[in-house]
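Subject: Structure handover

Hello,

Here is the structure I said I would pass on. Please open it first and then read the notes below beside it.

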Amino acid sequence: MQLYNKLSAKEREALLEEAGEDRLTLSFYAYAKIGNPELFRNHLFIAWDQMDVLGRIYVAHEGINAQLSVPAKRFAEFKAFIDEIYFLENVRLNIAIEHDIKSFLKLKVKVRTKIVADGLNDETFDVTNKGIHVDASKFNELINDPNTILVDMRNHYESEIGHFQGAITPDVDTFRDSLDIIEEDLKEHKEDKNLVMYCTGGIRCEKASAYYKHRGFKNVYQLEGGIIEYTRQVDNQKLENKFIGKNFVFDHRRSERISEDVIAHCHQCGKPCDTHVNCANEACHLLFIQCKECAEKMNDCCSKNCKEIAALPYEEQKALRKGKGASNKIFKKGRSEVLRFKQ
């Protein structure tokens, strides 16, 4: 029985282009007690592989966190399947604003210790005692209140290209880094201010709101469905859009444009730009912002050294990488001494 991918990303990309069928990019999460994550993981992989679902899914004892690409014609089948899972019945699906048939090129369902790397010991506080969920209309009302402190729970490379007006945007590399920093910065306002949080789809705020309530914050709120659902409600209800720029997303699209504002700049020349790319040198793979002119000049690379390596024949590049581990720990996001405007 197949429980893993057999096709490479390039092979899958070719098949998707040949088929030319519409696909929906979506995400969802749910906290629930899963007794056997490995068994649940296999159940999901078998079913979704047959439906031609692609994406990145994390399963843990605490629940599921999923980002997916689903064939549009099989969406009803996909929805019926997850509704048969008791803790996923009618789960909120964050449907992307912009779709791309190649947003994901593989189906990866992985068992993890946690569905979000938050660094918290969940045994020390009540994770179900969460903040108050608010919709787009109430969110706009709250952030207009001078008694509110609005906090972006995302990382620096996410908020750099887009965020809500007036939000505190911690200069952090990971979600776990932000928790203590935010508490320290706001410790004088645990009782007298509204703490309002937001993230991409809501999952990071789900845990953070419970943690901050445990740490003594009295008035804690979180944006229901995150930036993705907020944008949908703003469009449908003709509300004022308080978000400026792009929403960073964790698939091959890398972002969705929410407003026409360009608030970031090219990390190489400094001109206005909010397009994230990965360095073409696979041994580097640095995520950074690069304008079209710099991309042409640098051959899609972050530095002269990487440009020289990327120009070598593939086998020579492969030989240079031999014996060097490649993981998220070395693939830095938006910080490097080679980037003049983002170090």
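A residue is called buried if its relative accessible area is under 20%, exposed if over 50%, and partly exposed in between. Please keep in mind that this is a predicted model.

Ser255 is a case for that definition. With a relative accessibility of 12%, Ser255 falls under the 20% limit and therefore counts as buried. Ser255 belongs to strand β12, which covers residues 255-257. Which residues does Ser255 touch, leaving out those up to four places away in sequence? They are Glu98, Ile161, Lys246, Asn247, Phe248 and Val249.

Next, the nonpolar cores. The largest one has 29 residues, and Phe28, Trp48, Ile64, Leu68 and Phe78 have the most contacts inside it. Two or more residues of this core come from each of β1, α2 (37-50), β2 (54-60), β3 (63-71), α3 (75-83) and β5 (107-111). Helix α2 gives the largest share, five residues. There is another core apart from this one, with 24 residues, including Val116, Leu120, Ile149 and Ile203.

Leaving out residues up to four places away in sequence, Ile64 is in contact with Phe28, Tyr29, Ala30, Phe40, Leu44, Trp48, Ile57, Tyr58, Val59, Phe87, Leu88 and Ile115.

The rings of Phe40 and Phe87 make a tilted pair, with 5.7 Å from centre to centre and 55° between the planes. Why does this pair tie together parts that are 47 residues apart in sequence? Because Phe40 is in helix α2, while Phe87 is in the loop between α3 and β4 (94-95). Both Phe40 and Phe87 are buried. Elsewhere in the list, ring pairs join Phe139, Phe164, Tyr198, Tyr230 and Phe243 into a cluster.

Now the second largest pocket. Its space comes to about 580 Å³. The lining is made of 20 residues, and Tyr31, Ala32, Glu62, Val127 and Thr128 are the closest to the centre of the pocket. The elements that supply two or more lining residues are β1 (23-31) and α7 (203-214). Strand β1 contributes the most, with three residues. How many residues of this lining are nonpolar, polar and charged? Six are nonpolar, four are polar and ten are charged.

Asp52 is not a glycine, yet its phi is positive, at about 65°. Asp52 sits in the loop between α2 and β2. Its relative accessible area is 28%, so Asp52 is partly exposed. Lys238, which is not a glycine either, has a positive phi of about 55°. Lys238 is located in the loop between α8 (226-237) and β11 (243-248). Is Lys238 buried or exposed? Its relative accessibility is 74%, so Lys238 counts as exposed.

Regards

How values were computed:
Residues numbered from 1 in each chain as written. Predicted model: local features only at pLDDT ≥ 70, side-chain atom pairs only at ≥ 80, totals over all residues. Heavy atoms only, no water. 1 Å grid on protein atoms, 1.4 Å probe; cavity = no way out; pocket = protein on both sides within 12 Å on 5 of 7 lines; lining within 4 Å. Points joined across faces, edges and corners; volume = space filled by probe spheres on them. Helix = DSSP H or I, 4+ residues; strand = E, 2+ residues; numbered from the N terminus. Nonpolar A, V, L, I, M, F, W, Y, C, P; charged D, E, K, R; others polar. Core = buried A, V, L, I, M, F, W, Y, C linked by side-chain atoms within 4.5 Å. Buried < 20%, exposed > 50% of the residue type's maximum accessible area, 1.4 Å probe, protein only. Contact = heavy atoms within 4.5 Å. Phe/Tyr/Trp six-rings, centres within 6.5 Å; stacked < 30°, edge-to-face > 60°.
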